[in-house]
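Let's take a walk through this one together. Have a look at the sequence and the 3D picture, and then read on.

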Amino acid sequence: MSASLSRKSLFGGAWDSKADPIRPPWSLPETAFTEICTACGDCVAACPQSILLKGRAGYPVVEFSRAACDFCGACADACSESAFGSRDESPWRLTAHFGDGCLSSRGITCRVCAEWCDTHAIRIRLEVGGRAHPQIEEAACTGCGACISICPVKAIHLEEAI
Ligand code: SF4
Ligand code: SF4
């Protein structure tokens, strides 16, 4: 770990869903991560789900359009630096959110995300007139991204829980 890292750079600063890419689970906060990570790609190669890619400057990013994260920890295990935190902690605070493109919200029958979610974190709330809105129970959502990879119109994204 770089000796110049301050406690604030390690633990401070909220994740900004618009500016910050999604790093692998258990990654340190963005500033610390990019100071420590050497962009070697070992975590990318280790991921059995093939959801890690080399992003800007070679740092790993998660690409959920391919598959979900199963939280196996292979990425963290493969890291020879100290770019990952304790696996005793939650892997991240990301939860699913639904955008305007959702088919159910537009009156088209679709329950794929709810059926695909292992933790039953998505409920489809029916409304008068045939429309329905998916609702997320944040406490049950692990941020695995399974719903993102399966959504036919890519209407789901992850945001950090407040
Ligand atoms: S925890 Fe496993 S599945 Fe998830 S990104 Fe890391 S290596 Fe891939
Ligand atoms: S991210 Fe995973 S746990 Fe959360 S709603 Fe989607 S499928 Fe369910």
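pLDDT is the predictor's confidence in each residue, from 0 to 100. That matters here, as this is a predicted model: local features need pLDDT of at least 70, side-chain atom pairs count only at pLDDT 80 or more, while totals for chains, interfaces and linings use all residues. Residues are numbered from 1 along each chain as its sequence is written, and chains are lettered from A and ligands numbered from 1 in the order in which they are written.

So how does the chain score? Its mean pLDDT is 87, and 87% of its residues reach 70 or more. Residues 1-15 are the part to treat with care: pLDDT stays under 50 there, and the model has 19 contacts for them beyond four places in sequence. (Two residues are in contact if their C-beta atoms, placed from the backbone, lie within 7 Å.)

Now to the middle of things. A nonpolar core is a set of buried Ala, Val, Leu, Ile, Met, Phe, Trp, Tyr and Cys residues joined through C-beta atoms within 7 Å. Buried means 20 or more other C-beta atoms within 10 Å of a residue's own, exposed means 12 or fewer, and partly exposed is in between, with C-beta atoms placed from the backbone. The largest such core has 37 residues, and L52, C147 and I156 have the most contacts inside it. α6 (146-150) is one of the elements that give two or more residues to this core, and α6 gives the most, with three residues. (Helices, H or I with at least four residues, and strands, E with at least two, are DSSP runs numbered from the N terminus.)

Which residues does C147 touch, leaving aside its neighbours within four places in sequence? They are A96, C113, W116, C117, I122 and I156.

| Residue | Phi | Loop |
|---|---|---|
| S50 | about 55 degrees | between α3 (42-46) and β1 (52-54) |

S50 is exposed, because it has 11 other C-beta atoms within 10 Å. H120 counts as exposed too, with 11 C-beta neighbours inside 10 Å.
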